[in-house]
Amino acid sequence: MSIPFIGRAEIEDKLSWSKVADAIFDGHKRSKARLGDLFLNREEDQSTMLNRAAWIDDLGLAMKAVTVYPKNAQREPAIPTIHGVVILFDDESGQVKALVDGQLVTKWKTAADSVLGARLLARPDSRKLLVVGSGVVAESLVDAYRDVFPDLSQIQIWSRTHANAQDLAAKKGCEAVEDLAAAVGNADIVTSATMAREPFIQGAWAQSGTHFDLIGAFKDGMREADDALLQKARIFVDSRETTIDHIGELKDPIARGVISEKDVLADYYDMVQPDCAMRTDASDVTLFKNGGGAHLDLMVTNAIYDIWSAAQ
């Protein structure tokens, strides 16, 4: 049996952020995923191999295997620090259906996860977006939010290194800003994708009605939002199982009693239900924590495979 490999060249021009967000939403209407992780670390060079698996009945199974080699950036010539592949298995037979480029899956999963959260939680009349960060994820977020919120009238970009914000803004036709506090106070939606280890987005800056979409702080010991913002906001996550006990954004303030697990009001399994209370009125400050679990990799990989198959 020939196993196809699906990379960017084969599929990316056929994908849309709205379609991938729909696949994540529909995936949560199915039975809850079984999840399993394996992490291997090499302390000498701080390299990591991680394997994340998910199984959803009647949808399939996926295993994402990823290596993270930080020192790759120092090579001559430099090469990417992250490499990986997703193996998609058939639910009925267990056969391998496809190998899919891991970076492709991660790119589309990450931003689609965030814009789905915003679609459910942000005010429908949101027009002003602030992107915090200037890396590859930030670039995807600009595209994803433009697709899902086509009426955006303003997109601003802030980065610790202003020149990087200027470069991304010029590339995407946005505005680079230097005053983070003012930009947060002016935004309807704030989406943040940084490598911050200490909280820097302050609740004191948040205006009523703002939606915060937090993507960084993907592991223990990392934070983007301060305690005041978590206390001020209605908090939602993509998955309780992959966020509350695993990422610093929630694990740290819960451990210190700043918030409790009960303050995490819902995850996607709740939010796909018609009776789920999300935004109660236009003045709510909402906060969505993007945790990006393996079940999302499965949902997105399956969607990529279906779109690729239909094009053959």
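1. **Ground rules.** This is a predicted model, in which local features need pLDDT of at least 70, side-chain atom pairs count only at pLDDT 80 or more, and totals for chains, interfaces and linings use all residues. Residues are numbered from 1 along each chain as its sequence is written, and side-chain values use heavy atoms, with hydrogens and water left out. Helices (H or I, at least four residues) and strands (E, at least two) are DSSP runs, numbered from the N terminus.

2. Gln46 has a phi near 60 degrees, a positive value in a residue other than glycine. With a relative accessible area of 59%, Gln46 is exposed; the scale here is buried under 20% relative accessible area, exposed over 50% and partly exposed in between, with a 1.4 Å probe and protein chains only. Asp58 belongs to the loop between S3 and S4, and its phi, near 70 degrees, is again a positive value in a residue other than glycine. Asp58 counts as exposed, at 66% relative accessibility.

3. **A cis peptide.** Glu76 and Pro77 are joined by a cis peptide bond, with omega about -5 degrees. Pro77 is in the loop between S4 and S5.

4. **The six-stranded sheet.** This open sheet has mixed pairing and the order S1-S6-S5-S4-S3-S2. Two strands pair if DSSP finds at least two bridges between them. Strand S1 (5–6) and strand S2 (34–42) are at the edges with a single partner strand each, so one side of each has no neighbour in the sheet.

5. **Pairings within that sheet.** S1 and S6 pair in the parallel sense over two bridges, and Phe5 stands opposite Leu99 in S6. S5 and S6 run antiparallel and are joined by five bridges; the bridge partner of Val85 is Asp101 in S6. S5 and S6 also form a hairpin with six residues between them, and Gly94 in the turn has a positive phi of about 80 degrees. Strand S3 (residues 47–56) and strand S4 (residues 60–68) are antiparallel too, with nine bridges, and here Leu50 stands opposite Val66 in S4.

6. **Helices on the sheet.** Helix H3 (residues 102–121) lies across S1, S4, strand S5 (82–89) and strand S6 (96–101), and runs at about 75 degrees to S6. H11 also packs on the sheet, touching S1, S2, S3, S4, S5 and S6, with its direction at about 70 degrees to that of S3. Contact means heavy atoms within 4.5 Å. Axes are lines fitted to C-alpha atoms, for helices over the stretch in contact, and angles run from 0 to 180 degrees between N-to-C directions.

7. **H2 against H11.** Helix H2 (residues 17–27) packs with helix H11 (residues 294–311) at an angle of about 125 degrees, their axes 9 Å apart. That makes H2 oblique to H11; angles under 35 degrees count as roughly parallel, over 145 as roughly antiparallel, 65 to 115 as roughly perpendicular and the rest as oblique. Val20, Ala23, Ile24 and Gly27 of H2 make the contact with Leu296, Met299, Val300 and Ala303 of H11. By class, the residues of this contact of H2 with H11 are seven nonpolar, one polar and no charged. Ala, Val, Leu, Ile, Met, Phe, Trp, Tyr, Cys and Pro count as nonpolar, Asp, Glu, Lys and Arg as charged, and the others, Gly among them, as polar.

8. **H2 against H3.** H2 and H3 pack at about 75 degrees, with their axes 8 Å apart, and are therefore roughly perpendicular to each other. The contact of H2 with H3 divides into eleven nonpolar, one polar and five charged residues.

9. **The eight-stranded sheet and His211.** The order of this open sheet is S9-S8-S7-S10-S11-S14-S12-S13, with parallel pairing. Strand S9 (175–176) and strand S13 (264–266) are its edge strands, each pairing on one side only. Strand S10 (residues 189–192) pairs with S11 in the parallel sense over four bridges, and Val190 stands opposite Phe212 in S11. Is His211, at 0% relative accessibility, buried or exposed? His211, in strand S11 (residues 211–214), counts as buried at that value of 0%. Leaving aside neighbours within four places in sequence, the contacts of His211 include Gly117, Leu121, Asp188, Arg279 and Phe288.
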